[in-house]
Amino acid sequence: MNDSSWGAPPQAGYWGPSDQGPVQGAAPAGPAYDAPEAQHTRPMPIVPDGPAVPRYGDDQDDDRGAARLSGPLFRDETTSAQPHAAAPQNPEPMPDAPQPAPAPQKKSAGRDLGAAIGVGVGLGAVIVASLFVVKAAFVGVITVAVVVGLWELTSRLEERKGIKAPLVPLAVGGAAMVVAGYVRGAEGAWVAMALTALAVLVWRMTEPPEGYLKDVTAGVFAAFYVPFLATFVAMMLTADDGAFRVMTFLVLTVVSDTGAYAVGWRFGRHKLAPRISPGKTREGLLGAVSFAMVAGALCMHFLIDDGIWWQGLLLGFAVAASATLGDLGESMIKRDLGIKDMGTLLPGHGGIMDRLDSLLPTAPVVWLLLVLFVGSS
């Protein structure tokens with residue numbers, strides 16, 4: 001190759017130390033524009049402004065890299081100011097496809113319904129058998145329920161509040177109250193109640209005086225709340241149709257509770273006493289009243305001697321009110337103690353006191369109304 005092939009004669013200091021002309025492919029010794037004849041030199045190739053694009057695959061895949069210089073290879077691909085190797089390793093995931101709305105959950109009663117029904121049927125069988133076979137046996141059932149209820153109540157008071165209501169005089173006095181009510185009526189029950197309160201005061205004197213007032217107060221309250229109210233059931237039993245009076249009392253209370261549960265669970269929207277018992281609703285109360293009034297009319301007509309159906313309506317209304325108040329009253333006690341149930345003796349129900357909560361305050365109401373409607377004998 002001769003010198004004219006580059007379009008300019010060789011210049012001193014530009015072509016290097018060789019006198020034989022330029023060497024093809026050799027790098028220039030200095031800047032291309034240092035000399036006045038720089039415009040006669042061969043132009044440099046145009047290099048893209050963007051960053052070098054790395055190759056994909058093996059080292060011979062130049063065509064794919066070159067194609068990347070002109071723009072995105074795919075329609076939805078955009079150029080990046082960073083090399084491909086600097087792309088984040090964990091790109092932001094695509095949003096998940098919309099999930100179907102979860103199916104609405106069914107309401108739950110909050111207890112083992114099967115166990116509750118089984119225990120309820122068992123208790124009902126014991127009550128009916130003792131009630132219609134030997135009346136004295138039913139008095140024994142009442143006494144056992146009273147003693148166990150007193151044990152649950154005093155145990156929870158001591159565990160949660162440190163209140164030591166003496167159980168021994170309460171249990172003995174409570175059993176005496178039930179028997180006295182059955183044998184001697186209301187007078188016997190009041191005398192037994194007074195003697196039980198006195199026994200509680202004396203029994204607590206054997207311990208240090210600290211907490212004496214709260215302990216004896218709780219003891220007298222427990223004596224009135226559990227055994228004294230239960231004596232009205234024993235007094236119902238003394239009438240000629242006593243077994244049917246007690247059955248009416250039990251049926252109306254159970255029907256009231258069942259009506260409140262069924263209607264409240266299905267239609268309950270407005271809370272009855274949310275600070276005391278959030279599960280109770282006004283609709284449930286209406287259900288309790290309706291169910292109890294219908295059951296009361298039927299019981300007075302078919303079970304009670306000389307009973308009239310409209311008396312049963314009044315009786316059912318009173319039972320629904322007293323059972324609801326009794327349930328709310330024990331809910332107040334349990335909330336003050338910070339517990340859900342008084343015990344665990346009855347699966348699906350809690351303790352004995354959790355079943356007596358609506359029965360105890362209802363007993364004197366039913367006894368009194370029956371005496372007013374049809375007499376005490």
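Predicted model: local features only at pLDDT ≥ 70, side-chain atom pairs only at ≥ 80, totals over all residues.
Reader: How far apart are the end C-alpha atoms of helix 4?

Author: Only 10 Å, for 38 residues. A straight helix would reach 56 Å (1.5 Å times one less than the number of residues). Helices are DSSP runs of H or I, at least four residues, numbered from the N terminus.

Reader: Where is the kink centred?

Author: On R184, at about 150°. The bend is the angle between axes fitted to the seven residues ending there and the seven starting there.

Reader: Switching topic. How many salt bridges?

Author: Six. Each is a side-chain nitrogen of Lys or Arg within 4 Å of a carboxyl oxygen of Asp or Glu.

Reader: What does R204 pair with?

Author: D215, with the closest N and O atoms 2.7 Å apart. R204 lies in helix 4 and D215 in helix 5, so the pair ties together parts eleven residues apart in sequence.

Reader: R204, buried or exposed?

Author: Buried, at 3% relative accessible area. Buried means under 20%, exposed over 50%, partly exposed in between (1.4 Å probe, protein chains only). D215 is also at 3% and counts as buried.

Reader: And K161?

Author: K161 bridges to D336 at 3.3 Å between the closest N and O atoms. The two are 175 residues apart, in helix 3 and helix 8.

Methods:
Residues numbered from 1 in each chain as written. Heavy atoms only, no water.
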